[in-house]
Amino acid sequence: MDISIEQANGICTIRFNRPEKKNAITGAMYQAMAEALAAAEADNAVRVVVFAGHPGIFTAGNDLEDFLKQPPQGENSSVFRFMAALKGASKPVVAAVSGAAVGIGTTMLLHCDLVYASDNAKFSMPFSQLGLCPEFASSLLLQRVAGYQRAAEKLMLGEAFLADEAQQMGLVNRVLPASELEAFVQAQAAKLAALPGSSVRTTKLLMKQGAAADIDAQMAQEGEHFRRMLTAPEAKEAFTAFFEKRKPDFSRFS
C-alpha cells in the first residue's frame, strides 16, 4: 500500500509508503488519506492522528505524471477531499518530518497542530518554479506564522530551507536527530491520547475557529488561480523541462 495506516493505543499513524518514488503522492494516495482521516474522525478509539514518511523522505509532493493525467478540477477531486479532511480534523494532528517535504508536504504542516522534524529535513514550496501558485491556504497561513517577508521569500523564490530555519520561522516545534524522531513523535502523541479528548478537541476548536472563514476563502481563491495556471504556457514549459531534465526557460513569457 502506498499509504499505510496503523492504529494502536489511541493513535492513528498515516504513513507515506512509496519510498521507491520518494513518497510522491498520487490521486489514489490522496483518496486513501482522506478516507483515513474521515475514519479516524468517526472512530472514538482514535484520539490522535500522526503523519509520517520514512527516514530520509517525508514526501516529494505530487507525483507530476499522475498529477498531469488527473489534474484537480474541483472540490470533488481527491486532493481537495484530503485538504478538507485535514483542515477540518477535530482531533490533534502531529507530523513527523524526515528528509524532503516538497510542495504539499510542507503546506500540509500548516494545518497540523504539532510538527517535529529531523535534523536532515528539508522543506520547499516550489510552486512559482512550476508556473503555479500556492495552495492549501499557504499564501495566508505561512505569513501569519513567519511574517510577510519571510513567507514571500519561501513562496516567491520557492527555494528549499532546512529544519533549523523552519523552527525559527515557527513552522516546526522541535528539531531532533533523525534516529530519535519517530519515537519522540509517538511519545508526544501518547501524551495527547492520555488527556481528556474533549479538552484537547475543544482547545483545538477554540484556537482554529477564528481563522476558519479566512482559510476557506483563501483556499477557494488559490484553487481558482491554481486550476487556471495549471494549463497556462508557463506551467507547460515547467513540466516539460522537468520531464526532459533541463532548466525551464520562462524568458518568452510576460
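**Exercise 1.** Find the bridge partner of Val 94 in β7.

*Solution.* Start with the residue itself: Val 94 bridges to Leu 114 in β7. Now zoom out to the strands, which are DSSP runs of E with at least two residues, numbered from the N terminus. β5 and β7 (residues 114-118) run parallel and share 4 bridges. That counts as pairing, since DSSP has to find at least two bridges between two strands.

Before going on, note that this is a predicted model, where local features need pLDDT of at least 70, side-chain atom pairs count only at pLDDT 80 or more, and totals for chains, interfaces and linings use all residues. Residues are numbered from 1 along each chain as its sequence is written, and side-chain values use heavy atoms, with hydrogens and water left out.

**Exercise 2.** Which strand pairs with β5 over residues 48-52, and in which sense?

*Solution.* Look at β3: it pairs with β5 in the parallel sense, over 4 bridges. For one example, take Ala 52, whose bridge partner in β5 is Ala 96.

**Exercise 3.** How many residues of β5 are buried, and which way do they point?

*Solution.* First, the cut-off: buried means under 20% relative accessible area, with a 1.4 Å probe and protein chains only. Next, count along β5 (residues 93-97): 5 of its 5 residues are buried. Then sort the directions: Val 93, Ala 95 and Val 97 point one way, while Val 94 and Ala 96 point the other. In a regular strand, side chains alternate between the two faces of the sheet. Finally, compare with the whole protein chain, where buried residues make up 50% of the 254.
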